[in-house]
Each structure stands twice: as C-alpha cells, then as structure tokens.
Amino acid sequence: MTIASMQGVLKRYGSYVALDYIDLDIYEGEIVGLLGPNGAGKTTLIQTLTGMLPADKGKISLFGQSQNPFSNANKEKLGLVTQEVAIFEELTAKECLHFFAGVYGLRGEEKKRRVAEALEFVGLTDQADKIPHKFSGGMKRRLNIACALTHRPKFLIMDEPTVGIDPQSRNHILESVKKLRDQGTTLLYTTHYMEEVQEVASRVIIIDQGQVIKEGTVQQLIQTIQHEEKVKFDVSDPDIIPLDKLEKITGVRQVIASGSQITVISAAGTGNLDRILSVVKEYSSVLGIQADKPNLEDVFLTLTGKQLRDKGE
Ligand SMILES: Nc1ncnc2c1ncn2[C@@H]1O[C@H](COP(=O)(O)OP(=O)(O)OP(=O)(O)O)[C@@H](O)[C@H]1O
C-alpha cells in the first residue's frame with residue numbers, strides 16, 4: 001500500500017524553485033532515507049508533503065487519499081519530528097508529553113500510559129520530572145521525538161533528527177527508528193549523513209536542487225557506480241593543478257576539487273593511475289592517496305559532482 005506520494009510537485013519561494021516537479025512514492029513498512037545536501041529541498045519536501053506549505057503544482061496523496069490528503073483523520077496518522085526542536089522548556093518532560101498527547105485527543109489513563117510508553121521508548125523515563133532546559137541537545141531531541149509518538153502514528157517523518165547531537169543519543173535514535181519500523185511504522189527520514197541512511201534505510205531517495213536524482217536500495221545505488229574507480233589525492237597546492245589536463249587522460253570520467261583534495265573518477269580497469277599521479281605531481285606535492293570502495297557518498301558525488309557534506313562538518 002502507498003502511504004504517501006507526490007506527483008509533479010512544484011514549490012517556489014518567489015522565483016526560486018525549491019521543488020522541481022518531484023515524483024515519489026512511499027510504501028507501507030519502509031524506512032525511506034531522503035538524502036541530500038544542505039539546501040537540496042528536504043525540509044520543503046516534508047512541509048509540502050504534510051500540508052504545512054501549499055504546493056504550487058502537482059498532486060499529493062496521503063494514506064491513499066488525494067482529494068483531501070490533509071484531512072484531520074489523516075493528520076492523526078502522521079507524526080512529524082521537525083528539524084528545530086519544538087518542546088516547552090519550562091514544562092517537565094512528562095508535562096510536555098501530556099500536552100502533545102492531549103492535542104492528539106488522548107485523555108485519562110490512556111494518555112498517562114502513552115506518555116510513559118513514549119518516555120520509555122526514547123530512554124528518558126528517569127528524566128520524566130525534569131525541566132528540559134538543562135537537557136543536552138541529544139536529550140532534547142529524544143524528547144522531541146517522544147512528543148511525535150504518543151498518538152502512535154502510522155507514518156513518522158523525521159527531519160534531520162541527528163544533527164548536532166552526541167553519539168549516544170544518535171545511536172539511540174537510530175535504534176528507535178529500527179524499532180518503530182519493526183512495530184509497523186512507515187518512516188521518512190531526512191539526513192545529509194549517508195552513514196545513517198546506509199544503516200537504517202530500506203530505500204534511498206537522493207535529491208539535489210529540488211529534484212529526485214536517483215532512488216533505490218543502498219546496494220542498487222552503489223551498483224550503479226561499480227563500473228568506476230575513484231582515487232583521492234591530498235595535495236599541497238590544489239589550486240594550481242590543471243583539472244582539464246587530468247580530465248583529458250584516457251579513462252577519466254570526472255575530476256572534482258574540494259579543499260585540499262582532488263578526486264579522480266575513472267572507468268574501471270583503465271590502469272591510468274600512473275599517468276594521473278604524474279600530472280598531479282608535476283604541479284604539487286602529494287601528501288596522501290586513497291582508493292576506496294564506492295559508498296553512497298560516491299554515488300552522490302558521481303551524480304552531482306558535489307559532496308554531501310561540507311568539509312569539516
Ligand atoms: N521560506 C523561504 N523563503 C525563501 N527561500 C527558502 C525558504 N525556505 C527555504 N528556502 C530555500 O529553498 C532551498 C531549499 O531549502 P530546504 O530548507 O528545503 O533545504 P534542505 O534540504 O532541508 O536543507 P537543510 O539541510 O539546510 O535543512 C534552499 O536554497 C533555501 O535557502
């Protein structure tokens with residue numbers, strides 16, 4: 001069953017096109033990793049998919065309904081963890097959850113039970129009566145996730161839930177995502193950390209500049225570039241290396257300069273490393289060479305010529 005879909009969705013901010021005729025489907029029981037660099041349009045996609053922002057064109061359907069996808073009945077089946085942590089810092093963790101559970105219409109004993117369940121789920125039971133003001137970033141984020149869970153959504157959307165948090169909370173969140181999937185929740189998970197997608201996603205949708213540029217399982221995406229070899233050089237003088245000279249070497253498909261690194265992607269089995277190395281060395285000292293197995297980051301690099309993450313992030 002299709003839980004959510006977008007067909008030809010266009011979203012502009014003024015003249016800027018943030019979503020450029022997006023088509024996508026999310027099926028029941030999946031964890032879809034929505035992967036894209038900063039500014040790719042991930043948050044806009046989520047806001048449009050949930051009805052927070054109106055689309056300029058196209059069709060959106062939720063839980064099989066395209067006539068009135070944002071009906072109250074559908075919203076009750078949705079959970080949203082926004083990129084910005086949205087909790088009340090002056091209420092205790094438990095009070096905060098009671099508030100959100102109340103918004104979803106839970107009352108009495110059932111509300112109490114669901115609040116306790118959500119606290120337990122995110123590992124904050126022992127913090128229930130504390131004010132989140134003093135929580136770490138990761139604990140606040142976990143409380144934020146709990147707020148989206150008391151009504152047991154069928155479809156949970158998480159917008160970069162692990163940005164800027166400690167590794168322990170990050171692992172906890174990734175484990176929670178898998179547990180929710182095992183309990184039958186469908187998840188859409190946006191991130192620009194490809195390791196997370198590799199760990200949890202059953203399917204990946206890569207977007208850049210408001211367009212879906214590739215989709216498939218992690219394995220399928222990696223296979224699309226397995227006919228390529230990639231070598232990275234750390235160099236002392238990246239700016240003076242003539243990239244066009246490298247591009248002209250037999251077998252070279254793409255040359256990408258980023259910081260002090262030059263990445264050369266060649267057709268597999270060309271045996272052109274000597275030639276590449278001698279061109280690089282002609283202009284600069286080589287401080288390191290790395291030849292890795294392809295991963296999702298490379299899929300992204302090959303498709304867009306850009307890195308998913310800024311250097312140093
Ligand atoms: N309200 C707005 N008005 C104008 N431009 C906007 C607005 N919101 C977002 N944008 C622009 O639209 C593009 C997509 O933004 P969006 O926040 O959807 O990307 P993102 O993939 O979620 O990025 P990030 O990872 O940084 O959150 C960006 O270039 C952004 O600057």
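Helices α5 and α6 meet through G138, M139, R141, R142 and I145 in α5 and Q168, S169, H172, I173 and S176 in α6; residues count as in contact if their C-beta atoms, placed from the backbone, lie within 7 Å. This is a predicted model, in which local features need pLDDT of at least 70, side-chain atom pairs count only at pLDDT 80 or more, and totals for chains, interfaces and linings use all residues. Residues are numbered from 1 along each chain as its sequence is written. Helices (H or I, at least four residues) and strands (E, at least two) are DSSP runs, numbered from the N terminus.

**How the helices pack**

Axes are lines fitted to C-alpha atoms, for helices over the stretch in contact, and angles run from 0 to 180 degrees between N-to-C directions. Angles under 35 degrees count as roughly parallel, over 145 as roughly antiparallel, 65 to 115 as roughly perpendicular and the rest as oblique. A crossing is left-handed if the near helix is turned anticlockwise from the far one by less than a right angle, and right-handed if clockwise.

- The axes of α5 and helix α6 (residues 167-182) come within 9 Å of each other and cross at roughly 20°. That angle makes α5 roughly parallel to α6.
- The crossing in which α5 passes α6 is left-handed.
- Helix α5 (residues 137-147) also packs with helix α3 (residues 93-103), at an angle of about 30° and with the axes 9 Å apart. Here, too, the angle makes the pair, α3 and α5, roughly parallel.
- The crossing of α3 and α5 is right-handed.
- With helix α4 (residues 108-121), α3 packs at an angle of about 125°, the axes being 9 Å apart. That makes α3 oblique to α4.
- The residues A93, K94, L97, H98, A101 and G102 of α3 meet K111, R114, V115, A118 and L119 of α4, and α3 passes α4 in a right-handed crossing.

Two strands pair if DSSP finds at least two bridges between them.

- Three strands make an open sheet in the order β2-β1-β4, and their pairing is antiparallel. Because β2 (16-27) and β4 (57-62) stand at the edges with a single partner strand each, one side of each is left without a neighbour in the sheet.
- Neighbouring strands of this sheet are turned by 15° against each other on average, direction ignored.
- Strand β1 (residues 2-13) is joined to β4 by 5 bridges in the antiparallel sense. A4 stands opposite L62 in β4.

**The sheet of β11, β12, β10 and β13**

- In this open sheet, 4 strands follow the order β11-β12-β10-β13, with antiparallel pairing. The edge strands, β11 (252-258) and β13 (286-290), each pair on one side only.
- From one strand to the next, the twist averages 20°.
- Helix α10 (residues 273-283) packs on the sheet, where it touches β10, β12 (261-267) and β13, and its direction makes about 25° with that of β10.
- Strand β10 (residues 228-235) pairs with β13 over 4 bridges in the antiparallel sense. V235 has V286 in β13 as its bridge partner.
- β10 and β12 run antiparallel and are joined by 7 bridges. E228 stands opposite A267 in β12.
- The antiparallel strands β11 and β12 are joined by 6 bridges, and I256 has T263 in β12 as its bridge partner.
- A hairpin is formed by β11 and β12, with 2 residues between them, and G259 in the turn has a positive phi of about 60°.

**Domains and the UniProt record**

- The domain assignment, which is automatic or from a database, gives domain 1 (2-222) and domain 2 (227-293). The C-alpha centres of domain 1 and domain 2 lie 39 Å apart.
- An unreviewed UniProt entry lists residues 4-234 as "domain: ABC transporter". UniProt positions are given in the numbering used here, feature names are shortened, and annotations may be inferred rather than shown by experiment.
- The span of residues 4-234 is 33% helix and 29% strand, and its end C-alpha atoms lie 44 Å apart.

Notes:
Contact = placed C-beta atoms within 7 Å.
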